[in-house]
Amino acid sequence: MSDLRTAVPPWHPSQPHHALAADVRAWLGTPAAFALFGRLALDQVAYREVAAAVDATGRFAQNFTDRGIRSALWGPLLLFGDDADRGATAQRLKDLHGEVRGRGRGHFEGERYSALNPALWKWVGTTSLLVFHTGYVTTYGRQLDAEQREVVYRTILHMTDFDLPSEQARIPATAAEAAAYYDEVAATVLDDNEFLQWAHAAFDRLPVPTLVGPRWLQRALAPLWWLLTPVLGRPAKVCAEGAAHPRMRELLGVRWTRRRQRELDLYLLLIRTVRRWLPRWLLLDPLALNRFRYERLRALYERPQLASFAPPR
């Protein structure tokens with residue numbers, strides 16, 4: 001576990017901007033945050049070696065929706081389990097990625113890849129963190145100064161443990177460093193490739209998920225699924241494109257207009273309104289909700305306790 005994870009958490013009442021950090025933590029526990037801004041992760045496969053690795057596994061092509069659901073389910077385990085579970089989950093994720101190595105196929109024929117290549121690991125880890133950071137800052141940025149934006153980043157970094165035992169793989173320590181790193185990679189490495197364009201298009205025609213329910217139910221729901229997903233997916237498309245780095249907009253052919261900006265502003269207003277007024281039990285992932293409830297109960301038990309057992313002088 002990183003030294004950062006053992007430090008006093010940013011949401012502790014003793015820390016400056018602890019209320020902001022607590023809200024950021026709740027943001028990470030809200031499945032809608034990943035759903036609305038998850039398409040930002042397309043920047044990962046604009047890195048050719050990452051695209052070659054993901055393409056070779058075949059799991060995205062098998063069922064793009066199932067792969068997205070699995071990715072979303074890793075988050076609560078990594079972020080809101082107890083210390084032992086978080087550590088074990090992080091290690092398992094690293095072990096599984098260790099199996100992803102070889103040479104590309106098809107469009108990536110001959111491209112060597114290894115998920116544990118420190119440069120690739122740093123890119124995937126940083127951009128995974130930035131999905132949540134960029135989503136939060138896009139939604140609340142007008143209310144945040146530079147120091148508060150750093151609090152947002154530091155809170156998310158505190159909750160994650162992506163690092164490998166290599167300085168080359170280390171996630172940037174500050175939002176400013178992350179932005180500079182991203183700009184450098186965007187200018188020197190990110191480029192168009194076949195998998196990127198396929199994945200971008202796949203978001204607009206997501207297959208029926210097969211992880212839950214019998215086959216007959218999946219088939220019965222298919223017509224409704226194909227009818228609703230383009231409509232329900234529209235906010236996620238606009239939110240991610242509005243928050244995307246200029247290089248990613250260029251690669252994906254996004255033409256940003258005033259009309260599109262107004263649509264984005266409407267979605268962001270709805271997100272802020274829903275988060276302000278709806279109860280947490282409706283918004284949070286069950287594991288995150290369980291963690292927050294546990295911490296409230298723990299605080300009740302701790303409140304009447306003595307600060308010291310030393311004899312009075």
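The model is predicted. A search of the whole structure finds 1 cavity of 30 Å³ or more. The second largest pocket holds about 820 Å³ of space. Rolling a probe the size of a water molecule over the atoms shows where empty space is left.

**The largest cavity**
- The space in the largest cavity comes to about 30 Å³.
- Its lining is made up of Leu78, Ala90, Leu93, Lys94, Trp121, Asp161 and Phe162.
- By class, this lining has 5 nonpolar, no polar and 2 charged residues.
- Helix H7, which spans residues 83–97, gives the most to the lining, with 3 residues.

**Lys94**
- Lys94 is one of the residues lining the largest cavity, and Lys94 lies in helix H7.
- Lys94 has a relative accessible area of 16%; buried means under 20%, so Lys94 counts as buried.
- Leaving out residues up to four places away in sequence, Lys94 touches Leu116, Trp121, Asp161, Phe162, Asp163 and Leu164.
- Among these contacts, Trp121, Asp161 and Phe162 also line the largest cavity.

**The second largest pocket**
- The second largest pocket is lined by 38 residues.
- Thr134, Val137, Thr138, Ala243 and Ala244 are the lining residues that lie nearest the centre of the pocket.
- H8, H9, H10, H13, H14 and H15 are the elements that give two or more residues to this lining.
- The largest share comes from H8, with 9 residues.
- The lining divides into 18 nonpolar, 11 polar and 9 charged residues.

**Helices H9 and H10**
- Helix H9 (residues 146–159) packs with helix H10 (residues 175–188) at an angle of about 80 degrees, and their axes are 8 Å apart.
- Angles of 65 to 115 degrees count as roughly perpendicular, so H9 and H10 are roughly perpendicular to each other.
- On the H9 side of the contact are Arg149, Glu150 and Tyr153, which meet Ala175, Ala176 and Ala178 in H10.
- The residues in this contact divide into 4 nonpolar, no polar and 2 charged.

**Helix H13**
- Helix H13 runs over residues 234–243 and is mostly covered, with 8 of its 10 residues buried.
- The buried residues are Ala236, Lys237, Val238, Cys239, Ala240, Glu241, Gly242 and Ala243.
- They pack against helices H3 (31–37), H8 (118–140), H11 (194–202), H14 (246–252) and H15 (258–277).
- Ala243 is buried in H13, and Ala243 is also one of the residues nearest the centre of the second largest pocket.

Terms used:
Residues numbered from 1 in each chain as written. Predicted model: local features only at pLDDT ≥ 70, side-chain atom pairs only at ≥ 80, totals over all residues. Heavy atoms only, no water. 1 Å grid on protein atoms, 1.4 Å probe; cavity = no way out; pocket = protein on both sides within 12 Å on 5 of 7 lines; lining within 4 Å. Points joined across faces, edges and corners; volume = space filled by probe spheres on them. Helix = DSSP H or I, 4+ residues; strand = E, 2+ residues; numbered from the N terminus. Nonpolar A, V, L, I, M, F, W, Y, C, P; charged D, E, K, R; others polar. Axes fitted to C-alpha atoms, helices over the stretch in contact; angles between N-to-C directions. Parallel < 35°, antiparallel > 145°, perpendicular 65-115°, else oblique. Contact = heavy atoms within 4.5 Å. Buried < 20%, exposed > 50% of the residue type's maximum accessible area, 1.4 Å probe, protein only.
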